[in-house]
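Reader: I would like to learn how to read a model of several chains, feature by feature. Please give the general idea first and the case after it.

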Amino acid sequence: MTIALSGTELGKRLAEKFPGSIVESIPDCLLVNPSLLPEVAGFLKDIPDLDFNYLNYITSVDYYEYFEVIYRLTSTKYNHSIVLKARCYDRENPVLPSVTELWQGANFQEREIYDLMGIRFEGHPNLKRLLLWDGFAGHPLRKDYL
Amino acid sequence: MAIKTEPFVLNIGPVHPSTHGVFRMRATLDGEVVLDIEPVIGYLHRGIEKLAEQRTFTGFIPLTDRLDYISSMSNNMAYCMAVEKLAGVKVPERAQYLRVIIAEMQRIANHLIANGSFLNDCGAYFTPFLYMFREREKVVDLFEMLSGQRLTYNFMRIGGLSQDIPDEFLPALRRFLDKMPAFIDEYDRLLKENEVLLARTRGVGIITAEKALNCSISGPVLRSTGYSWDLRKADPYLLYDRFNFDVPVGMQGDCYDRFRVRMEEMRQSVRIIEQALKDLPLKGAVRADVPQRLHPPKGEAYAHIESPKGELGFHVVSDNSIAPYRVHIRPTSLLNLTALREMVRGWKVADLIVIFGSIDICLGEVDR
Amino acid sequence: MMMPDFGTGARIALAPLPPDWPGGFWWHWLFFTVLVLAFVLSMVMGVIYIERRVLARMQSRLGPNRTGPFGLLQAVADAVKVLIKENIVPAAADKVVHWLAPVVAFAPVVMVFAVVPFANGALLADLNIGILYVVAVSSIASVGIFMAGWGSSNKYALLGGMRDVASIVSYEIPLVLAILGVVLVAGSLSLNDIVQAQQNIPFILVQPLGFLLFFTAACAEINRSPFDLLEADSELTAGFHTEYSGMKFAMFYLVEYAEALAVSAVVATLFLGGWQGPVLPPWLWFLGKVFFVFLVMVWVRATMPRVRIDQLMAFAWKCLFPLALLNLLLTAAEVALWPGAMPLIVIPINFAIAGLLIIIWSKFFKLGWGRVEV
Amino acid sequence: MSKFERYGLGILKGMTVTIRQLLLRHPTVVQYPEQRLNTSRRIRGNELIWSRERCTGCATCAKACPQGAIEIVTSSNTNNNKYEVETYRVDTGYCIQCGLCVEACPYDALFLGSSYERAKYRRGDIVQSDDALLESPERPASGYYHPRLAEKMPEQTLLIDKITEKR
């Protein structure tokens with residue numbers, strides 16, 4: 001059984017290591033400060049006793065006030081998982097750092113999120129629209145897209 | 001003096017016999033050698049995730065059929081499991097057993113198509129393809145008996161199955177199971193040791209386990225690298241912890257291993273179904289009491305299953321209305337394509353097709 | 001009746017040629033040319049029918065069964081359909097080459113049948129260099145195929161044409177070397193003489209390795225599966241004839257099967273004793289053998305995956321070519337040192353040598369992998 | 001490096017399978033227009049079948065339809081305190097035969113058709129309403145979600161029970 005790690009415990013550890021990186025830590029997930037996301041994700045991936053080597057998926061949800069990007073990480077070695085969340089409050093030009101460097105599997109998914117939700121991922125090697133064609137007006141998965 | 005050559009761009013797809021749908025690759029070739037490819041997808045994009053936001057929780061189930069249309073039952077099941085997790089619905093045991101049986105039947109059907117079209121891509125002129133379709137037809141017949149349709153089953157419901165199985169289903173399934181292993185042996189006899197197939201697929205398109213994990217690859221493609229990661233074992237959903245089965249893994253992660261892993265998985269699926277049939281409760285409800293206009297509490301849930309192609313998951317967000325606030329589908333096929341570029345570089349055009357075929361994608365799921 | 005002598009140099013008495021057709025040489029020529037053409041075209045329909053039905057049955061299907069009794073007229077119906085189809089020439093195509101290609105491909109295939117004996121002496125031209133003529137003429141078809149690939153201005157077609165040229169050039173060599181073994185044993189280049197030399201023992205028993213080499217190389221030469229790279233439908237959509245439609249496509253289709261028929265006829269002539277056989281009339285024996293060889297081709301096609309282009313070339317140069325050279329050497333040695341050898345001794349020896357060589361070469365010869373660092 | 005380790009024996013092994021299929025087995029083929037198989041008892045066929053008598057006009061089906069293909073217009077009849085269905089219209093072109101409306105109907109007034117060759121020549125014909133939706137000999141109802149109806153239907157022909165045909 002994949003154990004869902006408690007966000008509160010991991011959050012404490014991360015807050016010590018990277019001050020200001022954790023906005024909120026609840027049992028279900030860790031809410032990460034977007035500016036420190038690559039550091040936190042890299043720590044989670046590289047530290048031997050966590051070893052989150054597998055990125056299940058990235059998705060994004062539009063909550064009107066902010067965009068929430070959700071990362072689910074799994075360690076295939078220890079068989080545990082954690083959910084990271086990052087929020088973008090800027091609706092006009094939402095930007096998040098890319099995690100493609102850490103997990104290549106993020107490549108297509110970040111492009112998809114850029115395409116459908118309009119969140120730009122900085123540091124992505126090839127940030128183009130994935131599903132829709134270039135020049136498509138708007139980002140369909142936003143709640144205000146009609 | 002060396003001859004001056006320059007690479008040329010070959011456009012493969014979106015309409016091409018072996019891109020399994022409307023996948024397009026811009027391949028840069030040096031003679032026959034693939035220097036680089038750029039996958040272009042989106043030709044089948046229907047905006048299913050957006051459509052979900054305008055449908056009720058139940059009303060979205062028929063649309064999940066259209067994701068990976070080769071294995072619709074798995075899609076239905078994954079979505080229903082996510083909503084069940086969200087709404088806290090307890091599925092009756094009989095329904096869970098039936099779900100296991102159906103999911104494994106679906107795995108057999110999917111792997112038959114995957115291997116058949118893979119061998120067809122290798123150039124075996126339709127013989128293995130048609131042999132495998134013949135067996136798949138039998139599975140589809142059984143699904144037709146259950147759900148009334150042959151491709152878009154729409155059989156799972158939130159809290160169980162849409163209807164109980166008909167009386168003639170179990171004897172028919174038993175007859176199918178009795179014959180299936182012999183047919184798998186026949187496929188093995190047909191091409192498993194064929195020298196030409198070995199030459200074409202051994203060592204071709206190798207991917208290492210670390211690379212595969214880093215690229216979020218799952219399913220038979222990951223297991224072919226020798227890394228045993230199967231959600232049925234790693235994160236047992238339904239009743240998979242009650243069954244005794246093996247997870248076949250490959251040796252080095254080449255096309256031949258992927259082919260072999262799928263063949264072995266079919267054998268294991270037959271094993272699982274036989275065990276499930278033994279334990280299946282003969283009477284009992286197949287559907288929990290779920291209101292037709294379900295509105296789960298506010299929150300989000302993610303449920304994943306080991307679909308035939310890999311980890312298929314649904315991330316469902318609810319805002320306590322009758323429609324999901326957001327549905328995200330973890331697209332197995334799309335993520336399995338992540339490493340395609342690394343896998344095909346330096347191989348020939350013919351290998352490009354073989355490697356692509358061995359990944360076994362379904363464009364309905366890639367583009368959604 | 002003479003005993004077959006394995007290349008002792010003694011001339012085999014030529015059977016009397018059939019009487020000249022009244023009206024002189026040109027009438028004779030015209031009549032038999034038309035006859036051979038008609039034969040080829042009708043036989044091609046036959047082999048298309050056989051291929052489709054047998055392949056279908058091997059694939060657990062029925063095959064064409066709607067037009068005519070047992071679907072016998074399917075090829076006719078297809079021909080009529082294809083005749084009334086629109087002829088599409090791509091705008092960027094080299095028009096002349098595009099037009100000429102099917103003709104260039106078709107003509108030499110029919111010409112092969114000029115020297116194939118249907119019965120004793122029943123052949124259009126009893127060339128004393130018959131087999132050389134077959135080899136020379138049959139490879140012209142690849143010029144037509146390359147013209148089609150080049151003239152279509154289509155990348156798939158070009159790749160297909162390139163593959164064809166590469167494979168033809170490579171496979172011509174083992175093909176000829178395998179034929180040379182037969183020629184050494186028979187002591188003649190004329191196909192009729194070769195058939196007559198097989199009166200008691202067909203050469204497949206005397207030359208088992210030569211037969212395998214010839215059959216493989218010929219399959220590659222005419223692009224039958226598993227060497228059907230130039231129209232590899234899963235890779236190159238339709239290869240060289242991607243841009244062809246209507247009757248020009250039908251010509252290529254015809255070429256494909258006429259080539260298969262020609263190779264079957266040559267195999268039957270060289271290795272299976274041609275028209276020789278008891279009881280039944282010679283032409284029936286010949287046809288039966290041709291169809292049998294063709295059936296084997298269909299059988300192989302139903303089973304085998306396709307090889308890759310570099311494996312195709314490697315197979316020709318690293319496997320078939322040395323084996324063919326060895327075969328030629330051994331045959332020459334046998335013929336020179338042991339001219340009057342009893343066939344009963346030679347046959348097992350040759351089979352043993354063939355088996356041994358194949359096993360040894362299997363150890364040496366490797367396929368697969370082959371990634372190029374880019 | 002992989003090699004021809006089995007000297008072509010693997011190829012010969014494969015060829016025995018194909019020749020066995022040619023000589024010993026029957027093709028697995030159904031000659032469709034002449035030879036028809038019994039479809040599933042629960043077949044979700046081409047058209048929706050509606051029962052005017054049982055329908056109360058509650059519009060549960062219209063709400064359950066994920067495609068919005070069902071349109072229902074009712075008027076209230078004050079005399080006997082009842083809804084009356086004025087129009088029941090299905091756009092078959094939108095219909096995906098998911099069967100959710102049949103499941104949703106609380107009065108068993110909806111059925112899926114069990115016929116499957118119901119292509120239309122005109123676009124107008126695919127929008128069906130009222131009397132065109134009733135059950136008729138060309139439009140038999142299927143047993144989907146109606147077990148009692150399913151029992152009466154002929155048993156499904158299964159490929160497992162060997163559908164073969166001699167040449």
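Author: What follows goes through numbering, helices, salt bridges, loops and a surface patch in turn.

Reader: What should I know about the model and its numbering before I start?

Author: This is a predicted model, in which local features need pLDDT of at least 70, side-chain atom pairs count only at pLDDT 80 or more, and totals for chains, interfaces and linings use all residues. Residues are numbered from 1 along each chain as its sequence is written, chains are lettered from A and ligands numbered from 1 in the order in which they are written, and side-chain values use heavy atoms, with hydrogens and water left out.

Reader: How many helices and strands does chain C have?

Author: Helices (H or I, at least four residues) and strands (E, at least two) are DSSP runs, numbered from the N terminus. Chain C has 13 helices and zero strands. Read from the N terminus, its elements run α-α-α-α-α-α-α-α-α-α-α-α-α.

Reader: What share of the residues of chain C count as buried?

Author: Buried means under 20% relative accessible area, exposed means over 50%, and partly exposed is in between (1.4 Å probe, protein chains only). In chain C, 56% of the 374 residues count as buried.

Reader: How do I read the packing of two helices?

Author: Two packed helices are described by the angle between their axes and the distance between the axes. Axes are lines fitted to C-alpha atoms, for helices over the stretch in contact, and angles run from 0 to 180 degrees between N-to-C directions. Here helix H5 of chain B (residues 127-147) packs with helix H1 of chain D (residues 9-23) at an angle of about 60°, the axes being 12 Å apart. That makes H5(B) oblique to H1(D); angles under 35 degrees count as roughly parallel, over 145 as roughly antiparallel, 65 to 115 as roughly perpendicular and the rest as oblique.

Reader: Is the crossing of H5(B) and H1(D) left-handed or right-handed?

Author: A crossing is left-handed if the near helix is turned anticlockwise from the far one by less than a right angle, and right-handed if clockwise. The crossing of H5(B) and H1(D) is left-handed.

Reader: What counts as a salt bridge, and how many does the structure hold?

Author: A salt bridge is a side-chain nitrogen of Lys or Arg within 4 Å of a carboxyl oxygen of Asp or Glu. The structure holds 56 salt bridges over all chains. One of them joins Lys85(A) and Glu68(A), with the closest N and O atoms 3.6 Å apart. Lys85(A) lies in strand E6 (residues 80-88) of chain A and Glu68(A) in strand E5 (residues 67-75) of chain A, so the pair ties together parts that are 17 residues apart in sequence. Lys85(A) counts as buried at 9% relative accessibility, and Glu68(A) counts as buried at 2%.

Reader: Where do Arg129(A) and Asp115(A) lie?

Author: Arg129(A) and Asp115(A) form a salt bridge whose closest N and O atoms are 2.6 Å apart. This pair links distant parts of the chain, 14 residues apart: Arg129(A) is in the segment after strand E8 (120-122) of chain A, and Asp115(A) is in helix H3 (residues 106-117) of chain A. Arg129(A) and Asp115(A) are both buried.

Reader: Which residue forms a salt bridge with Glu84(B)?

Author: The partner is Arg99(B), and the closest N and O atoms are 2.8 Å apart. Glu84(B) is in helix H3 (residues 72-87) of chain B and Arg99(B) in helix H4 (residues 93-122) of chain B, 15 residues apart. Relative accessibility is 5% for Glu84(B), which counts as buried, and Arg99(B) is buried with a relative accessible area of 0%. Salt bridges that share partners also join Glu104(B), Arg107(B), Arg223(B), Asp230(B), Arg232(B), Glu265(B) and Glu306(B) into one network.

Reader: Is Leu282(B) buried or exposed?

Author: Leu282(B) is exposed, with a relative accessible area of 65%. Its place is in the loop between helix H11 (255-279) and strand E6 (299-307) of chain B.

Reader: What is the phi of Ala59(D)?

Author: Ala59(D) has a positive phi of about 65° although it is not a glycine. Ala59(D) is in the loop between strand E1 (48-50) and helix H2 (60-64) of chain D.

Reader: Which residues form the nonpolar patch on the surface?

Author: Patches are made of residues with over 30% relative accessible area and no salt bridge; like charges are joined within 9 Å, and nonpolar side chains (Val, Leu, Ile, Met, Phe, Trp, Tyr) within 5 Å. Accessible areas come from the Shrake-Rupley method with a 1.4 Å probe, and for residues only the protein chains shown count as cover. The nonpolar patch consists of Met45(C), Phe70(C), Leu72(C), Leu73(C), Val76(C) and Val80(C), with about 540 Å² of accessible area together. Met45(C), in helix H1 (residues 24-58) of chain C, is partly exposed at a relative accessible area of 34%.
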